[in-house]
Amino acid sequence: MAAALQEGIYHAPGRRPGRFFALLFLRANDGVDAPAAGAALAGLWGMYSDLKAGRIRDLEGATLPASEDAMTVLLGLGRNAFALPGVAAARPRGLADEYLFRSADPGGGGPLLRGSGLQYAPDVRANMATEAFCVQVIADTKLAVDRAVVETWKALADQAQPALELTTFYLGNQRNDRRSWIDFHDGLSNLRSEDRESAIAIGPGTDEPWVTGGTYLAFLRLAIDLPGWRSLGRSAQELAVGRDKLSGCPIVSADGGVPAADPACPVAGTQIWEKPNDAPFAEPPEVADPAVRASHVQRANHHIRPASDSGSRRIFRQGYEFLEWAGAAPGFRAGLNFVSFQDTPARLLKMLTAGGWLGNANFGGDENAHPRLASLLSVYGAGVYVVAPVVAGEPFPGSAALGVAGQAPPALAEPAITGGAAAPPE
Amino acid sequence: MPYDAPGHADELSDELRERWNETVQRAFAAQNDALKTRFFSLDPGALADARPTDAIKWPGDPGKPAFCVGEDNAQALSDWGLTGRRAVQLEYCEYMVLTARDATGALRPKRVEVTTEFREYWACVAMHDPELVRAMAADVLGEQPSWEELYGVADPHALSVEEREIAFGHTVAGHGNDRRLRVAGVPAQPTGRLNMERALFMTHPINGIDDLIYVAIFGAHAYCVVERDTRRQASGDDVFSAFKVTHLACNHADPTISLGVYDRVFRGGQVAFADPIGMYIREPNLAVFSYSGEPLPEDWVRFSRGRPGSYQRLVFGPPDEHEAFLDDVTLSLGASEQPLTGGYQLLRELEIGPLMSVGEAAPIDDGEWETLEPAAGTIACDDEESCKPVRDLLVRLQAERAGRAAPRTMPEPTV
């Protein structure tokens with residue numbers, strides 16, 4: 001039977017993800033081997049299935065209004081999962097060190113990637129998003145994602161010697177005005193529906209058949225310097241983003257430094273995300289003006305076809321805003337849980353580092369004229385996970401890779417004749 | 001005639017420019033006879049309200065081998081000296097790694113020479129202006145080659161234009177799949193050291209200007225798929241499957257050119273190569289490279305044969321007089337720090353592509369649409385048949401590395 005993408009990747013035409021998001025990180029405790037971790041995951045997977053069906057651990061016989069939640073659960077396996085004793089599969093190519101994010105400096109901060117303008121926040125000394133496993137929960141109600149976190153803790157805490165530990169989780173939500181904390185529309189130029197699966201799903205390959213049909217999840221917890229952003233005038237903001245602040249229409253010129261959108265956009269009486277704007281306007285057109293080309297939306301999308309070629313650097317994004325208390329001014333931290341799915345993390349990493357793309361840029365726009373743009377975003381967590389496909393008969397996606405009993409182990413990768421990358425810098 | 005020397009790299013006489021444009025015109029005519037379309041013009045000046053597009057570009061590393069044998073093995077094949085160059089460097093970008101001996105006597109990579117120059121251009125100049133082609137070669141190589149090294153004879157001026165083309169083909173350029181040259185006995189690949197030990201310009205026939213024009217014209221049609229009485233844009237699978245050219249889907253360059261052109265045509269635009277027609281290297285982000293923890297010295301990254309935005313040549317690595325070697329350069333990718341051991345890693349950091357122009361969109365008449373059957377499925381780029389040459393090559397390489405056999409090998413070039 002053909003393998004399929006896990007749920008929680010809302011790529012089908014017309015599908016909108018649920019409004020609430022949680023990303024949980026699970027560490028395998030000391031001495032735990034891969035089959036034991038897999039057995040614990042199988043238990044969690046069953047618990048999540050119960051939640052989706054309206055059944056909850058401590059309320060036997062009670063039924064939850066699960067249809068209101070429309071909860072989906074997705075499991076990712078990180079680099080550390082493939083270092084567990086007894087693991088049945090080799091670390092997949094997309095989790096090689098060259099496709100992972102750098103660690104934060106021990107003293108805090110440090111570059112996310114060489115060649116990128118993204119830095120860890122100065123108060124980040126450890127990246128918490130690099131555990132063996134991650135679980136993405138998306139639902140239409142906040143209760144559903146919160147409950148998944150609590151129920152995960154319950155399921156692990158009830159074990160005498162839990163194999164896994166819930167080390168951290170991140171929450172987020174989507175705004176109903178389709179904007180982000182910088183007030184601009186977000187996610188408009190995501191991949192066209194017909195291109196999505198070819199950019200998301202890992203194609204057939206000779207040495208890693210068990211991941212074929214799966215994908216890679218990349219996660220960035222990005223805080224936004226809102227005081228810095230609000231210190232910019234509207235024109236500077238629009239040239240940084242590449243869209244009109246109110247309408248969301250793409251900026252197409254900047255004569256005299258004045259950003260201008262296509263006057264036909266949006267079609268009268270419609271919003272930018274509605275038909276018939278989606279095809280002609282949602283994805284910004286290719287432009288010649290260097291000031292517009294320096295904007296975020298232009299750097300992130302060079303309009304290369306086909307999207308199926310990793311050289312197009314197209315990714316499928318699902319973003320969720322967050323807001324949390326912080327001691328420093330302004331008294332809170334606002335930001336974005338950036339999640340992308342792609343057949344290879346190379347798409348995202350090259351987009352973030354390549355010249356003419358987002359290489360050396362923090363967000364986009366003229367960082368020389370507006371220095372606060374160079375530190376607009378700071379990183380609070382970053383990770384890459386392989387999202388194994390759903391295979392009928394498996395207790396959970398990727399279980400065979402962990403050597404869970406009853407499953408034929410996947411073939412180990414053919415040894416290459418060149419050495420891999422050197423160890424990461426720390 | 002519209003086109004100047006590729007990259008504006010050379011000052012051409014009016015007559016030589018005319019000859020170059022005739023070369024382009026011949027390549028165009030050969031393809032256009034079979035794929036005639038109004039959506040592609042050989043004259044960028046003929047486009048209405050034309051604007052440039054930078055969207056047709058791709059990573060320089062060979063794509064097909066990675067589909068067939070994985071990235072690590074693709075790197076090994078691509079970096080396999082002249083054998084690798086001639087077998088897998090098929091993305092309109094060829095390179096050679098120059099080696100030198102270090103203080104211990106070990107042979108190590110010193111520099112990478114990357115070229116995207118068309119053999120047709122060099123052959124055209126060689127036919128009509130031997131002095132200029134020798135000057136071009138001297139500029140690229142750093143030393144003036146002899147006439148024998150360029151033409152195999154002491155005096156190319158004594159040859160006819162046609163004889164010079166054949167002589168230059170034998171020695172430096174190969175036959176480029178040109179029937180006349182094949183009949184004349186010119187081999188597919190050159191036999192002289194200038195373009196075997198060094199990367200003077202591209203020599204693989206598939207990296208020719210005729211192939212570039214073919215894949216562009218192939219994409220320049222108003223293809224569509226009709227579903228539920230609605231016309232939709234065809235996917236790459238639809239297009240390549242419909243014409244039974246699925247092999248075009250399985251590298252970086254061909255689908256990017258064809259589908260990039262088609263994407264603009266579908267919206268009613270007419271497409272042309274911008275002047276000058278050529279294959280150009282976009283500048284990489286040098287921040288990912290370092291030497292001893294510091295940025296690379298400026299003279300370790302030398303672009304040439306063009307202007308900013310239209311370079312056709314990159315020489316990457318320390319100069320002869322510096323004690324460092326290429327593998328002393330660190331490439332920082334993700335969480336890894338890798339020594340730069342060959343050209344494949346460098347090519348993954350480069351983007352290659354022609355500069356193109358797109359005319360103002362205009363309505364497409366109903367009669368112009370070419371309706372295709374939707375593809376039955378996704379094109380498999382790792383299928384047994386199309387991967388056989390790559391896998392066979394890998395077997396040869398593994399045998400050589402294991403010392404079990406002594407297959408045909410080429411000498412490692414040294415500086």
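**Close-up views**

**The buried residues of helix H9(B) pack against helix H1 (14-35), strand E1 (40-41), helix H4 (119-128) and helix H11 (253-266) of chain B.** This is a predicted model: local features need pLDDT of at least 70, side-chain atom pairs count only at pLDDT 80 or more, and totals for chains, interfaces and linings use all residues. Residues are numbered from 1 along each chain as its sequence is written, while chains are lettered from A and ligands numbered from 1 in the order in which they are written. Helices (H or I, at least four residues) and strands (E, at least two) are DSSP runs, numbered from the N terminus. Buried means 20 or more other C-beta atoms within 10 Å of a residue's own, exposed means 12 or fewer, and partly exposed lies in between; C-beta atoms are placed from the backbone. Among the buried residues are Asp210(B), Asp211(B), Tyr214(B) and Phe218(B).

**Helices H4(B) and H5(B) cross at roughly 135°.** Their axes come within 5 Å; H5(B) covers residues 130-141. Axes are lines fitted to C-alpha atoms, for helices over the stretch in contact, and angles run from 0 to 180 degrees between N-to-C directions. Angles under 35 degrees count as roughly parallel, over 145 as roughly antiparallel, 65 to 115 as roughly perpendicular and the rest as oblique. Trp122(B), Val125(B) and Ala126(B) of H4(B) meet Pro130(B), Leu132(B), Val133(B) and Met136(B) of H5(B). Two residues are in contact if their C-beta atoms, placed from the backbone, lie within 7 Å. By class, the contact has 7 nonpolar, no polar and no charged residues. Ala, Val, Leu, Ile, Met, Phe, Trp, Tyr, Cys and Pro count as nonpolar, Asp, Glu, Lys and Arg as charged, and the others, Gly among them, as polar.

**Helix H13(B) bends by about 30° at Val390(B).** The helix runs over residues 384-402. The bend at a residue is the angle between axes fitted to the seven residues ending there and the seven starting there. Cys387(B), Val390(B), Leu393(B), Leu394(B) and Leu397(B) are buried. Their cover includes helix H2 (64-78) and helix H3 (81-88) of chain B. Gly403(B) follows H13(B), with a positive phi near 75°.

**Helices H1(A) and H3(A) cross at roughly 140°.** H1(A) takes residues 34-52 and H3(A) residues 142-157; their axes come within 10 Å. That makes H1(A) oblique to H3(A). Gly43(A), Leu44(A), Met47(A), Tyr48(A) and Leu51(A) of H1(A) contact Arg147(A), Ala148(A), Glu151(A), Thr152(A) and Ala155(A) of H3(A). The contact has 6 nonpolar, 2 polar and 2 charged residues.

**Ala37(A) sits in helix H1 of chain A.** With 28 C-beta neighbours inside 10 Å, Ala37(A) counts as buried. Residues up to four places away in sequence aside, Ala37(A) touches Ala28(A), Val32(A), Leu84(A), Ala132(A), Ala163(A), Leu164(A) and Leu402(A). Gly403(A) is 366 residues from Ala37(A) along the chain, yet their C-alpha atoms are separated by 9.6 Å.

**Tyr291(B) lies in strand E10(B), residues 289-291.** Tyr291(B) is partly exposed, with 16 other C-beta atoms within 10 Å. Leaving aside neighbours within four places in sequence, Tyr291(B) contacts Leu296(B), Ala324(B), Asp328(B) and Val329(B).
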